[in-house]
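Here are some notes for your reading of this structure, written as numbered points. Please keep the sequence and the 3D view open beside them as you go.

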Amino acid sequence: MNTLLDRLFPAGHDVTIDGLNLAGTAHSATGPVHVIGTRDRAALTSDIALRLSQAVLSAVRDDLASGRARPIVFIASTQGQALSRHEELMCLNGYFAHLARCVDLARRHGHVLVTLIHGEAVSGGFLAFGLLADRICALPCAQVKVMDLRAMARVTRIAPERLEALAQTSPVFAPGAENYWRMGGIHDLWSDGDDWPAQLSRALTEADGSDHRAALGASRGGRTLARAVATRVMAGSTPDA
Amino acid sequence: MSAHAITRRSWFEADARTRIHGLVDAGSFSELCGPHERLTSPHLAVLDLPVAFDDGVVVGEATLDGERILVGAQQGEFNGGSVGEIHGAKLRGLLDRARDTRPAAVLLAIDSGGVRLHEANAGLIAISELMRALLGARAAGVPVYGLIGGSCGAFGGMGIVARLCDGLIMSEEGRLGLSGPEVIETVKGVDEFDSKDRALVWRITGGKIRRTLGEATLLVDDDLGAFRGGAKALLARGAPLRGLAALDADQAALAARAQRHADARDGLDIWRALGLPDAERLAMLDADAFNRIIDRAETA
Amino acid sequence: METFTLDLPSTPANGARALCGVVSSGNLEILVDTGHAPDRCRIDVSTSAQGFRDTWEAVLADAVARHPAGGLVLSINDAGATPAVVSLRLDQVLESLEQAS
């Protein structure tokens with residue numbers, strides 16, 4: 001993790017690693033930022049989610065006094081939600097929703113939100129915070145998915161060979177950061193040779209508080225219907241009478 | 001009581017349109033992007049699977065006691081109410097419409113296992129967009145209320161969406177969670193969670209334990225009229241507080257709850273820890289009797 | 001999926017739009033739109049059950065003979081419903097049109 005932080009923030013960082021959580025501040029080329037996230041492909045528990053939401057709330061409060069909302073760089077490394085009866089009983093999704101509300105509060109307080117996917121981002125763990133940022137970037141080798149193809153074949157009762165063949169042409173179901181990029185769910189794919197601090201500066205500068213992902217998916221050709229359908233419902237121009 | 005029993009119409013058994021008609025004022029519902037527009041999923045068609053003309057979700061405008069509302073209902077029987085590209089876009093559009101047109105509320109009748117695996121990436125992004133749109137409607141001052149009482153409950157990403165709502169109405173038959181019991185059993189083993197033990201499943205994810213923990217705002221009987229009554233009650237309450245102080249309070253409450261029930265593995269553990277009388281019998285009570293016990297415990 | 005279209009004679013119906021049923025295992029949905037010829041009923045079937053076209057034709061012909069369905073287009077998404085269920089849904093949706101008129 002420190003290797004990653006050193007490379008992202010050559011001007012310095014002060015990030016505390018506490019178990020699978022990390023939180024702190026760093027200096028980007030555009031100025032100081034908060035850094036909040038998870039590491040080591042964490043299975044998100046209610047405890048991890050509470051630490052994340054606490055870090056977001058603290059960031060918002062810290063910056064209220066100065067009147068300068070520093071950007072928040074989320075580092076998402078998660079294999080998804082923790083699978084446990086206790087966590088389900090406690091309504092883990094309620095903890096994730098609380099975290100999502102905190103992230104949204106930060107956005108409305110003027111914090112620019114950028115997510116960097118490191119290692120892996122899966123399903124519920126990705127929904128809880130990483131996917132809510134204004135700008136979502138995948139680091140090299142990042143895996144992004146809901147479920148691997150073998151499990152998907154089992155649940156949908158579709159032959160794995162058929163899914164694998166379809167995955168060659170369709171970005172719609174198969175794992176892969178590239179697929180999410182084509183669908184507008186990921187804004188940028190970073191490669192190893194890139195200047196990461198410059199890439200991060202660009203992400204911080206280009207992020208705005210609106211959700212443009214459906215338009216992005218349409219323009220990249222990977223998700224051609226979502227924007228048009230949502231717009232039709234929003235505009236209400238075609239009542240089905 | 002008997003008159004009520006005679007007129008009772010099950011929410012659990014009803015389909016999405018029947019639920020909407022049971023919720024809103026008679027004749028007031030007007031559907032947006034309805035089945036005649038034939039917005040069917042091309043992703044299911046590619047896999048040679050049946051499609052539905054509404055892609056498993058009904059959205060539109062209506063009134064509730066004369067007040068303009070927006071309403072959406074998922075069709076649990078179609079692919080488990082799962083969220084694909086079009087399904088998700090319809091719900092997202094509804095919430096964007098709420099942000100722009102400021103109805104009195106949005107009602108979401110959730111009945112979904114979450115992301116539709118046949119279009120998993122589109123579904124995951126769609127749920128994220130739906131989450132942002134829901135938060136956008138709330139920020140614009142429009143309360144969003146969820147209703148859960150169908151066979152699929154609210155799981156996966158839709159379990160998160162449900163908890164983003166300003167209030168949740170559940171029946172005992174409704175279930176709310178993140179990972180379904182079958183998933184946990186498959187990965188962690190039957191000793192962790194026996195998905196065939198239906199009573200246990202309901203004690204972990206059902207309406208009564210959710211009402212006990214405050215995750216559900218109201219518990220109602222499995223009846224269209226009861227859900228309508230619950231929706232009217234939530235509308236009358238007005239939107240809850242928002243902002244930093246409210247989220248700080250939620251943070252403290254969630255942390256305290258996690259600590260208090262750190263070892264709980266069954267709804268019974270929680271009911272006993274709260275000192276509720278005859279925890280084993282709570283499962284037998286109807287919604288009114290159960291609500292009275294929880295209300296007393298909360299004020300105690 | 002197996003798809004086919006039938007064009008059957010029927011007495012004129014009062015043109016209207018309707019929907020009946022849900023696409024789930026052993027069930028189907030029937031969408032009704034207005035068509036052109038007032039004495040013909042067009043039916044577009046999409047079914048997950050392969051090789052039952054003869055059965056479909058018999059059930060559909062029977063339904064549009066019993067109910068006025070001329071001038072209508074019926075679109076069917078089927079997930080393996082039995083002929084009895086298909087017949088029931090056809091009765092439901094066509095009777096709802098008769099009652100509405």
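1. In this predicted model, the elements of chain C, followed from the N terminus on, run β-β-β-β-α-β-α. Counted by kind, chain C has 5 strands and 2 helices. The radius of gyration of chain C is 12 Å, which is close to the 13 Å that the globule rule gives for 101 residues, so chain C is as compact as a globular protein of that length.

2. The overall dimensions can be read beside that value. Taken along the principal axes, the box that the C-alpha atoms of chain C fill is roughly 35 × 20 × 20 Å.

3. How much of chain C is buried? Of the 101 residues in chain C, 49% are buried, and the accessible surface of the chain comes to about 4500 Å², with 52% of that area belonging to carbon and sulfur atoms.

4. Among the contacts in chain C with a separation of 6 or more, 84% are between residues 24 or more positions apart.

5. As for charge, chain C carries 13 negative and 6 positive side chains. The centres of these two sets lie 3 Å apart.

6. How many disulfides does the structure hold? Over all chains the number is 0. A disulfide is a covalent bond between the sulfur atoms of two cysteines, and the cut-off used here is a pair of cysteine sulfur atoms within 2.5 Å.

7. Finally, in chain B, L32(B) is part of strand β1, which covers residues 30-32. L32(B) has a relative accessibility of 3% and so counts as buried. Although L32(B) and G60(B) are 28 residues apart along the chain, their C-alpha atoms are separated by 4.8 Å.

Technical notes: Residues numbered from 1 in each chain as written. Chains lettered and ligands numbered in written order. Predicted model: local features only at pLDDT ≥ 70, side-chain atom pairs only at ≥ 80, totals over all residues. Heavy atoms only, no water. Helix = DSSP H or I, 4+ residues; strand = E, 2+ residues; numbered from the N terminus. Rg over C-alpha atoms; globule rule 2.2 N^0.38 Å. Buried < 20%, exposed > 50% of the residue type's maximum accessible area, 1.4 Å probe, protein only. Contact = heavy atoms within 4.5 Å. Areas by Shrake-Rupley, 256 points an atom, 1.4 Å probe, with all protein chains shown as cover. Lys, Arg positive; Asp, Glu negative; His and termini not counted. Charge placed at Lys NZ, Arg CZ, Asp CG, Glu CD.
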